[in-house]
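Student: Can you walk me through this one? I'd like to go piece by piece.
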Amino acid sequence: MSASAQADSPLSTVTVADWPAAETYLAEHTSPSAYRLGALTAQMGADSHDLLLDPETRTVWWAWDGDPLDQDGWTVEHLTPAAAIDMLDTYADLIEDRREDPSLYTRPDEAEDDMTAMDEYTAVLRLTLPQDPAEAARAIRAERRRLARLDARWSWTYAALVRDLTGTERGGKARAARQLGRSEMQIGRTLREDDQRRTAWSQAAAQN
């Protein structure tokens, strides 16, 4: 097993008879400062899940009812931060879907619930960073720079796709718009932004 796979695997897994037994097990194996991630637990289904963060050990505990999976009892997993994030990313994606499309909300207070859940998600995500605040901040900046570079590469790739579809013949923007399901205005904006990006790059290099 690779080091990455080991980091994403549970530290331990046990199965107990029922929820009271799971509660007892968690109380016996977590530190006094461990606390429940209530908003994330609600996202997962509080009737069949429980999620705790233990700041002393910098780990996460996840208890879940095996009954829907035809498994007796409750399973309690002790997770590394990486394993917990891997499991929670699905719920973070659903929250981001609602943030990007507020029409998905059915109650006004759901947004507050989602923000609380994201606060809890970031508390887990921070456990994947160095404990020293300055080192954690450097790691965050490095990750954001990496993602910005990746986004720039995909923006460059999308612009190339649009430019190829537009071509040089008359009506190219309309053809590209139909093929991509965009408006001609959006196609034109993509091409202008690509031209501006290339010009800024050339000008920056010429100044040195």
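Student: Let me start with one side chain. Is arginine 197 buried, partly exposed or exposed?

Tutor: Keep in mind that this is a predicted model. Arginine 197 is partly exposed, because its relative accessible area is 29%. The cut-offs are under 20% for buried and over 50% for exposed.

Student: Which residue does arginine 197 form a salt bridge with?

Tutor: Aspartate 194. The closest N and O atoms of the pair are 3.0 Å apart. Both residues lie in helix α8. They are three residues apart, about one turn of the helix.

Student: And aspartate 194, buried or exposed?

Tutor: Buried, because its relative accessible area is 1%.

Student: Which residues are in the network of salt bridges there?

Tutor: Arg163, Asp194, Asp195, Arg197 and Arg198. Salt bridges with shared partners join them into one network.

Student: What about aspartate 195? Which arginine does it form a salt bridge with?

Tutor: Arginine 163, with the closest N and O atoms 3.1 Å apart. Aspartate 195 lies in helix α8, residues 184-206, and arginine 163 lies in helix α6. So the pair ties together parts that are 32 residues apart in sequence.

Student: How accessible are those two?

Tutor: Both are in the middle class. Aspartate 195 counts as partly exposed, at 39% relative accessibility. Arginine 163 is partly exposed too, at 33%.

Student: How many salt bridges does the structure hold?

Tutor: It holds 12. Another one joins the side chains of arginine 98 and aspartate 114, at 2.8 Å from N to O. Arginine 98 lies in helix α4 and aspartate 114 in helix α5, so this pair ties together parts 16 residues apart in sequence.

Student: Is that pair buried or exposed?

Tutor: Arginine 98 counts as buried, because its relative accessibility is 17%. Aspartate 114 counts as buried as well, at 5%.

Student: Why would side chains like that pair up?

Tutor: Side chains of opposite charge can pair when their charged atoms come close.

Student: OK, new topic. Which residues touch the most other members in the largest nonpolar core?

Tutor: Leu51, Met87, Leu88 and Val124. That core has 22 residues.

Student: Which elements supply it?

Tutor: Five of them each give at least two residues: α3 (38-44), β3 (49-54), β4 (59-65), α4 (81-100) and α5 (110-126). Helix α4 gives the most, with eight residues.

Student: Zoom in on leucine 88. What is it in contact with?

Tutor: Leave aside its neighbours within four places in sequence. Then leucine 88 is in contact with Leu40, Met44, Leu51, Tyr121 and Val124.

Student: Why do nonpolar side chains end up together?

Tutor: In soluble globular proteins, nonpolar side chains tend to be buried together.

Student: Which residues make the nonpolar surface patch of about 320 Å²?

Tutor: Leu147, Leu150 and Trp154. Tryptophan 154 is found in helix α6, residues 133-166. It is exposed, because its relative accessible area is 58%.

Student: Let's zoom out. How many helices and strands does the chain have?

Tutor: Eight helices and five strands. Along the sequence, the pattern reads α-β-α-β-α-β-β-β-α-α-α-α-α.

Student: How does its radius of gyration sit against a compact globule of 208 residues?

Tutor: Such a globule would be near 17 Å, but this chain has 24 Å. Its C-alpha trace spans about 70 × 45 × 40 Å along the principal axes.

Student: What share of the residues is buried?

Tutor: Buried residues make up 32% of the 208. The accessible surface comes to about 13,600 Å². Carbon and sulfur atoms account for 52% of that surface.

Student: Last one. Where is aspartate 101?

Tutor: In the loop between α4 and α5. Aspartate 101 is 28 residues from glycine 73 in sequence. In space, their C-alpha atoms are 38 Å apart.

Definitions and conventions:
Residues are numbered from 1 along each chain as its sequence is written. This is a predicted model: local features need pLDDT of at least 70, side-chain atom pairs count only at pLDDT 80 or more; totals for chains, interfaces and linings use all residues. Side-chain values use heavy atoms; hydrogens and water are left out. Patches are made of residues with over 30% relative accessible area and no salt bridge: like charges are joined within 9 Å, nonpolar side chains (Val, Leu, Ile, Met, Phe, Trp, Tyr) within 5 Å. Accessible areas come from the Shrake-Rupley method with a 1.4 Å probe; for residues, only the protein chains shown count as cover. A salt bridge is a side-chain nitrogen of Lys or Arg within 4 Å of a carboxyl oxygen of Asp or Glu. Helices (H or I, at least four residues) and strands (E, at least two) are DSSP runs, numbered from the N terminus. Buried means under 20% relative accessible area, exposed over 50%, partly exposed in between (1.4 Å probe, protein chains only). A nonpolar core is a set of buried Ala, Val, Leu, Ile, Met, Phe, Trp, Tyr and Cys residues joined through side-chain atoms within 4.5 Å. Contact means heavy atoms within 4.5 Å. The radius of gyration is taken over C-alpha atoms; the globule rule is 2.2 Å times the number of residues to the power 0.38.
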